Amino acid sequence: MSRLVVVSNRVADPSQPQSGGLAVAVGDALQNGNGIWFGWNGEIQEGAEKSGVTLERSGGVTLATQPLSQREYDTYYLGYANRALWPVFHYRLDLAEFDTAALDGYRSVNQRFAKSIAALVDDDDLIWIHDYHLIPLAAELRKLGVENRIGFFLHIPFPPPEIVSAVPDHVWLFDTLHAYDVVGFQTEQDASNFKRYVEQTADSAGPVTHPFRNGTRKMTAHTFPIGIDVDSFVEMANTKKASDRIRRLTRGDVRNHIIGVERLDYSKGLPDRFRSFRRFLEKYPDQRKKTVLMQIAPPTRGELAAYAEIRTELEQLSGAINGAFGDFDWTPVRYIHRSVPRDTLAALFRGSKVGLVTPLRDGMNLVAKEYVAAQDADDPGVLILSRFAGAAADLEEALIVNPYDADEVAKAMHLAVTMEADERIDRHKRLLARVRGRDISSWQTAFLAELRGDATAKP
Ligand code: ADQ
């Protein structure tokens, strides 16, 4: 029987709580079968370049992992994936840093992973590779003679060609995508940016008969918007433990809890969000003391300067808001720097009148969908969603905002905390139908059907 082999930079233990969208989505996708999850085990070890693969079973999945050496971590992971590709793909050329040693490290880790995977797969296994750390992996596998069907899913945005072509060696990098059978994007906009990039590069490199044809292999590019496991979120938000938590959260004078939950990352727009909340308190003084912004943001990639800076900036902003507006009995911003178990998150979402999801750029954003799923259908909260999150292409009944515009976001906050029940119920009903319509299982089913070459299935 053919197995599913998922490959991602980081392999996470599916039995532990996760704070990254990819870890959550992939963990859920693999639970259903005799799958293998290959990737980095999160450890840095001397001599890792020569290490073998460790296999272990966890939560119904075989985890196949390898450590990285310090040099690989500094170049492949920090240097190229997160100092060059992550900012570029999030439209932040100003933060991108390119250097040859980082690119070399990126290539060599992809080569090393390819050798390990080639030794692990059977001929009829499907290989599904995830995200920007591993773009050239299929090309390396092909060089080793792996002829399996291989798919790639990009969890983050694909920006317009005018931006991605600033990456040195972009022609090499994106050409390796042609080694896949299927390349998946989150939104139509990402897929269309990619098609435009391919057409423009092909134009400058000479005529081609088909933009996605490379030798004998035909790659197809499609949109597969990622979703969540809706029922498990609904269930988590409905337990007795959840209602106890909500009761504790909502006692006292504060009626309006506004919640934000994300990894601490500059793409998530947290400083702009804090400034918008400040504007809300300035413009609507009657809402002071009744409203609290709870921001949960565990730090990630702390070794990178851009991440350390944003942490300091947020601490200053929240301190300034609390200093200027707070009182003995009211702290306007509660800022928590750690991962929270998923059932606690579900309860916090349900107990919050407003879900504030305002990234400056985001591939999809699963938090927006989780917030909707966690609501009480008879008394739901309101989702405020950035137009620059992939999720906004679908979740039309959210209050869609421009996260750079503090006045607009402050106004949406006011509208959300004062919205009548009928309108909240109506918007939530439609949003929940959309979240259910594109859940985690339809995402993986559509992608895998396309990867198997099943002609009847269309994304
Ligand atoms: P992320 O950038 O990590 O994912 P997101 O889609 O919001 O962003 O997923 C985050 C996940 O981690 C959610 O399931 C959330 O509940 C969880 N999480 C966040 N903070 C947490 C905390 N403090 N404690 C516990 N859990 C926490 C990337 C892309 C996204 C894309 C996903 C999936 O950047 O655009 O939606 O992959 O493709």
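Good morning. I begin with His133, which counts as buried because its relative accessibility is 7%; buried means under 20% relative accessible area, exposed over 50%, and partly exposed in between, with a 1.4 Å probe and protein chains only. This is a predicted model, in which local features need pLDDT of at least 70 and side-chain atom pairs count only at pLDDT 80 or more, while totals for chains, interfaces and linings use all residues. Residues are numbered from 1 along each chain as its sequence is written, and side-chain values use heavy atoms, with hydrogens and water left out.

His133 lies in the loop between strand S5 (126–130) and helix H4 (137–143). Helices (H or I, at least four residues) and strands (E, at least two) are DSSP runs numbered from the N terminus. Leaving aside residues up to four places away in sequence, His133 touches Asn9, Tyr76, Tyr77, Ala81, Tyr106 and Asn110, where contact means heavy atoms within 4.5 Å.

I turn next to confidence. The mean pLDDT of the protein chain is 90, and 92% of its residues reach 70 or more; pLDDT is the predictor's confidence in each residue, from 0 to 100. Over residues 206–213 the pLDDT is below 50, although this stretch has 14 contacts in the model beyond near neighbours in sequence. Where pLDDT is low, the predicted coordinates should not be read in detail.

The next element is helix H11, residues 305–325. Its 21 residues should span 30 Å at 1.5 Å a residue, and the end C-alpha atoms are 30 Å apart, so the two values agree; the expected span is 1.5 Å times one less than the number of residues. Tyr307, Ile310, Leu314, Leu317, Ser318, Ile321 and Phe325 of H11 are buried. These residues are on the same side of H11 because they cover an arc of only 95 degrees around the axis, taken from the directions from the helix axis to the C-beta atoms. Ala305, Glu309, Gln316 and Gly323, on the other side of H11, are exposed. The cover over the buried residues of H11 includes helix H2 (70–89), helix H10 (270–283) and strand S13 (333–336).

Finally, strand S15. Five of the five residues in S15 (382–386) are buried: Val382, Ile384 and Ser386 point one way, and Leu383 and Leu385 the other way. S15 pairs in the parallel sense with strand S14 (354–357) over four bridges and with strand S16 (399–401) over three bridges; pairing requires at least two DSSP bridges between two strands. Val382 is the bridge partner of Val354, and Ile384 stands opposite Leu399 in S16.
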